[in-house]
Amino acid sequence: MKLFVYSYRQQDEERDFDAFSRETGIAYATTHLPPTADTAALAEGCDAVSVFLTPVGREVLERWAGLGVAYVCARTIGYDYIDLDACRSLGLRVCHALYPPEAVSNYSLMLAMMLLRQVPYTMQSMGVQDYTLRGKLGRDLSSCTLGVVGTGRIGCTLARNAHAMGADVLGFDQYQNPEAACLRYAGLEQLFRESDVISLHCPSTAENYHLVNQKTIGRMKEGALIVNTARGDLIDTDALIDGLESGRLGGAALDVLEEEHGLFYQNLSGVPIANRRMAVLRSFPNVILTPHIAFYSAESIHAMVGSVFSFLAEAALGDFSGYEVPL
């Protein structure tokens, strides 16, 4: 079996790709380019392709299928950027990656604490040699209520760690996690109303689109903080900006944004960026923006690459894999 890897990053993925290739006997070739109609032909002669966050539509999938590709492997937990209906009709099997929840949950906790302790404004002040205490009074997490929206592996790990640090933790999910004994489940409206910090850990679905909007922000506690390390479209960015400008919200830490595709993971130094909402958010002293890197730890990269090879090794034996996406 041979794998073709799109959006390959030599600086952090090469060691793991080489190690898993030797271990499984699955050969691989790479390109740093994303999958497009123009680059689809690079996968000729390969049984599988691996993709990373770039939208993969029907045209590309049809070209792969015509080349004999049978497997599409996402190096991410989420796979909403792959046209699953097209994969189903073309007979392509799809897998996604699994990695330890600590990377994203710990990053989310770090962002929450940075907001609580006024770190964004403090760092800006240091940059202009303002060493006063004005505007830098923080709060301890242990005096706060943390609302976790989505209590899967990542949300549950965040809740457990925050609870261990003394926070009162509320959780909301359609399906209650039996391992989430460290939190109290509540309705979404109650969570918004009572939480000092709200951290989002739910998938991008039609039901969750703009979960945080003008109406729900109006129900939040005055000065509430929002952390989003999940998906950008969970938040109505215009409503978020209005909430920050009015003072209804005390701050936001965003590792994901609406319309982030084509921006994150690119070097755009010196290039005018056509994203006015991001420019506005960057101007606020109580906002943290990072480029979708909550997952980005050595442990996560190892697990993400390993997921691809594990799936393909199991598929070659005719076994069902826990990494497979049901179509």
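Biologist: What makes the meeting of the R277 and D238 side chains a salt bridge?

Modeller: The N to O distance between R277 and D238 is 2.9 Å. A salt bridge is a side-chain nitrogen of Lys or Arg within 4 Å of a carboxyl oxygen of Asp or Glu, so the pair of R277 and D238 qualifies. The two sit in distant parts of the chain, R277 in helix α10 (residues 276–282) and D238 in helix α9 (residues 237–246), 39 residues apart. This is a predicted model, in which local features need pLDDT of at least 70 and side-chain atom pairs count only at pLDDT 80 or more, while totals for chains, interfaces and linings use all residues. Residues are numbered from 1 along each chain as its sequence is written, and side-chain values use heavy atoms, with hydrogens and water left out.

Biologist: Why is R277 called partly exposed?

Modeller: R277 has a relative accessible area of 31%. Buried means under 20% relative accessible area, exposed over 50%, and partly exposed in between, with a 1.4 Å probe and protein chains only. R277 therefore counts as partly exposed, and D238, at 38%, is partly exposed too.

Biologist: How do you know whether R9 and E13 are buried or exposed?

Modeller: R9 has a relative accessible area of 15% and E13 has 2%, so both fall in the buried class. Their side chains meet in a salt bridge, at 3.5 Å from N to O.

Biologist: What makes R75 and E13 a link between separate parts of the chain?

Modeller: R75 forms a salt bridge with E13, with the closest N and O atoms 3.0 Å apart. R75 lies in the loop between β4 (71–74) and α3 (84–90) and E13 in helix α1, so the pair ties together parts that are 62 residues apart in sequence. Both residues are buried. By the salt-bridge rule the count comes to 18.

Biologist: How is the packing of α1 and α11 described?

Modeller: Two packed helices are described by the angle between their axes and the distance between the axes. The axes of α1 (residues 10–24) and α11 (residues 298–316) come within 9 Å and cross at roughly 35 degrees. Axes are lines fitted to C-alpha atoms, for helices over the stretch in contact, and angles run from 0 to 180 degrees between N-to-C directions.

Biologist: Which residues meet there?

Modeller: Contact means heavy atoms within 4.5 Å. Among the residues in contact are E13, F17 and F20 of α1, and I301, V305 and F309 of α11.

Technical notes
Helix = DSSP H or I, 4+ residues; strand = E, 2+ residues; numbered from the N terminus.
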